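Hi everyone, thanks for coming.

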Amino acid sequence: MKSQASLNKEPAFAVHNLEFRYNQVGCPVLNALNLTIYAGEYVTLLGANGSGKSTLLACLNGTVPVASGAIAVYNPRTRQAFDPACEQELPAIRELTGTVMQNPDDQIIAPTVEEDIAFGPRSKGLVEQEVKRTVNQVLTIVKLEQCRHRAVNTLSGGERQRLALAGVLAADADYLLLDESLAMLDPKARDDFLNLLDSLVKAGKTVLHATHSLEEALRSTRCLVLEAGSLVFNGTPAQLLRSEHLTDWHFQVPESLLALRLFSTHIPHFSCSSIDPAAFAQAVSERTGDETFAFHARTDARESALPLSQSPALQFDTVSYRYPEAAVPALSDFSLYVPQGSAVAVIGPSGSGKSTFMLHGNALVVPDSGSLTVEGLQSVDKRTPLQSIRLNASLAVQNPENALFEHYVADDVAFGPQNKGLTGQALKDAVMTAMQSVGLPFSVFADRETRALSGGEQRKAALAGVLALDSPVVLLDEPTAALDGTSQELVLNLIHALKAQGKTVIVSCHSMEMAARFDRVAVIIGGRLAAYDSPRVVFGACWDAGWGLSLPWTVAVAHELMLRTVSLAEPVPLNAAELFDSLFSGAPAASRIQPEKSDRAEKLPFVPPRYRRHETGLALFRRKLMPDIVPSSPFRRIGAGLKLTALMLCACAAFISGSPLVSVIITTAAVSTGVLCAKMPLKLFRSLVLAVPLLLLMLLVQFVFSWQDDTSLSLFSLWRFSLTTAECLRSISLLCRLSALMSVMILYAAVTSMHESLTVLQKALSPLARFGVPVSDIFLSITIALRFIPVITSEAECIVTAQLSRGAHGRLKTALSMIIPLFLRSLERSLKLSRALVLRLYK
């Protein structure tokens, strides 16, 4: 793409001698930094974890104070310069800049998609008709039209990332700052996101994209590389790829670049300006001279099959599972046999069921139907302690910040070994070994606060907590996401070291190149096992373009070469060396030994119904807090205003009437209407049982504090305390009123979407604006509260998941140990939400 900066050379950001230290102590995160970003440029900001990329973006948008140096942010229309160090100029800067964070939940404010996108335009003071036009336009751009009225907490990770970008686009920011925003996306979603960025740059936007990926950097017009807070490279992507310092700067050199270097070295006059598979294949075919290359000697490599063990490490037998809040199963009729001592990569699009597969392996959830064994232990058998399964199959969850719940790093890493019973020196040795293995020296990081770690350091700390368990099966969910190249290679070497120790390693990933380095690859599509074989077979004979995944780059090049009638000794080369050898050698890259199939796996033992476990602690937690999906019914099509009016009338009737009979009739009518007419499951009304403890509490209060002039019959007395019939009737009456109110609210919530509720609430409040009531502020507070409730619920679930996955047991112990971390995370979420409000122009 041609750089717009080469045409106008008007600056968007100018940074002069910038230096930044957190808390004004320690080594500088940014050190004497000087750079200029020009209007219309697409610039990628690269560097290792902790190199200062996120800090630089925060300095540019004014969310952290600049103490030393200067930054100028230019208005592209007036050319006026604004200084982030000047508090009065921050609103103008934030109207010019839109920031998309790595974690979209940190910047999504409203509870529904449409309301969140509309937040920015409304904050800028646009009239409602213009707000709706902007929302419709942005929904089309980010391809979220079908999600317009959905609640944010029901979106997938990729959908939430697009929503985060949509909120920034709706505010019409001139400059887009992206902080590792593509790290958790699958290849197709990532390509769609990058294509969208290309179109935005063509439309005149300026993009500064922080990333670890060299492949993403190739889409930009200029690359900046930070090393320990200093700018060490400023040039074009082509110049960066030719640099000899890529490994010094902690990049993971992709197979495409390795192949380009290899072919340029060994093929006379070979040249290719693109790493697109078709373009590379065309350049190779033009150097053949005829249909084939002249073959040369090569080193031999053989691929040996892994025999199936008599006792598998992990075996799924027709497993099906559906989350309580989901409409479709996450896993369906899923069967898989993982031999002991093998390394298996699990791939699939976002939302395909990979994380659910991992949760089953750690017994955080158990199948609705079918069976599962982990090291010979059946998770569905009540006679098998779940803790013993979790200590045999440790799990590193996908988002590292969700797995860290202790205050200090060493304490968090020690949580699992303590549940195994380790104490004293044995515990310290386990923690030190685990931290050292992931590149976090104990002497440096033991007393470091977990929340003060960088994103990459948090991922390493979470991985150390899993390795400290020393379990025979290790489950890693996206372990290399958001890591720099050196850290990614460290994780891959660690995986191979674990396999060399005889452990079974199962890793979910989005990188096909990474998956190609494993013994086997399992492909999960729509909750079903689509393929399971060696990488050469999965990416070769088994491959289906309908999966929506991308082939490894070298395999894609091989396909393009065969379309051009270039002969290959190995049609499925898994890396650059194999691609080169398959062209220059008559022998295949590896012997065509096929791994043994999993159909030899024996049927799992039958578990009698009385011993079958139907849910775990995590599933119980989700069932208590997450809503069930209610089928469509005529009640959902009734106007929200009419439903809200009926709710208020019923509530008023229950509290105005002095007879408990009226409340009982309202409760019965609400439950009957919900079950019979609205097709609601009866269990949705289970929260009514919460009124029982309240009744007991009210009776106790009545017993302790007697009413004056109460001459009714005494039913029970003790010393000065007594309980009369009048007191019992008052308690029962209040309980009936409470039950009536709860039942009609449950019915209303089940048949009314969040979008409908917010719309009717806004209409109901709008007349109050004539009397000077701050309606917009009240409505914002309500929407934030509605958004914050599911966020805190999600945080609580993350803490429970992290604790249970590392062997915690006992509901009371788990609940008590969750209080302080949940309180701290609530405060942290509040701070992030307040920052999101500022960045999204709330005044």
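Let's start with isoleucine 819, which counts as exposed because its relative accessibility is 52% (exposed means over 50%, buried under 20%, and partly exposed in between, with a 1.4 Å probe and protein chains only). Before I go on, a word on the source: this is a predicted model, where local features need pLDDT of at least 70 and side-chain atom pairs count only at pLDDT 80 or more, while totals for chains, interfaces and linings use all residues. Residues are numbered from 1 along each chain as its sequence is written, and side-chain values use heavy atoms, with hydrogens and water left out.

Back to isoleucine 819: you'll find it in helix H31, residues 811–839 (helices are DSSP runs of H or I with at least four residues, strands are E runs of at least two, and both are numbered from the N terminus).

Now, the salt bridges. The count comes to 22, where a salt bridge is a side-chain nitrogen of Lys or Arg within 4 Å of a carboxyl oxygen of Asp or Glu. Which residue does arginine 840 pair with? Its partner is aspartate 116, with the closest N and O atoms 3.0 Å apart. Arginine 840 sits in the segment after H31 and aspartate 116 in helix H4 (residues 113–123), so this pair ties together parts that are 724 residues apart in sequence. Arginine 840 is buried at 9% relative accessible area, and aspartate 116 is buried at 0%.

Another pair is glutamate 41 with arginine 222, at 2.7 Å from N to O. Glutamate 41 is in the loop between strands S2 (30–38) and S3 (42–47), and arginine 222 is in strand S9 (residues 222–227), 181 residues away. Glutamate 41 is buried, with 3% relative accessible area, and arginine 222 also counts as buried, at 11%.

Finally, the largest cavity, which holds about 130 Å³ of space. For this, a cavity is a set of points on a 1 Å grid over the protein atoms alone where a 1.4 Å probe fits but cannot get out, and lining residues have an atom within 4 Å of a point. Its lining has 15 residues, and arginine 840 turns up again among those nearest the centre, along with Gly98, Thr99, Val168 and Leu839. Strand S6 gives the most to this lining, with 3 residues.

Notes: On a 1 Å grid over the protein atoms alone, a cavity is a set of points where a 1.4 Å probe fits but cannot get out, and a pocket is an open set with protein on both sides within 12 Å along at least five of seven lines; lining residues have an atom within 4 Å of a point. Grid points are joined across faces, edges and corners, and a volume is the space filled by probe spheres set on the points.
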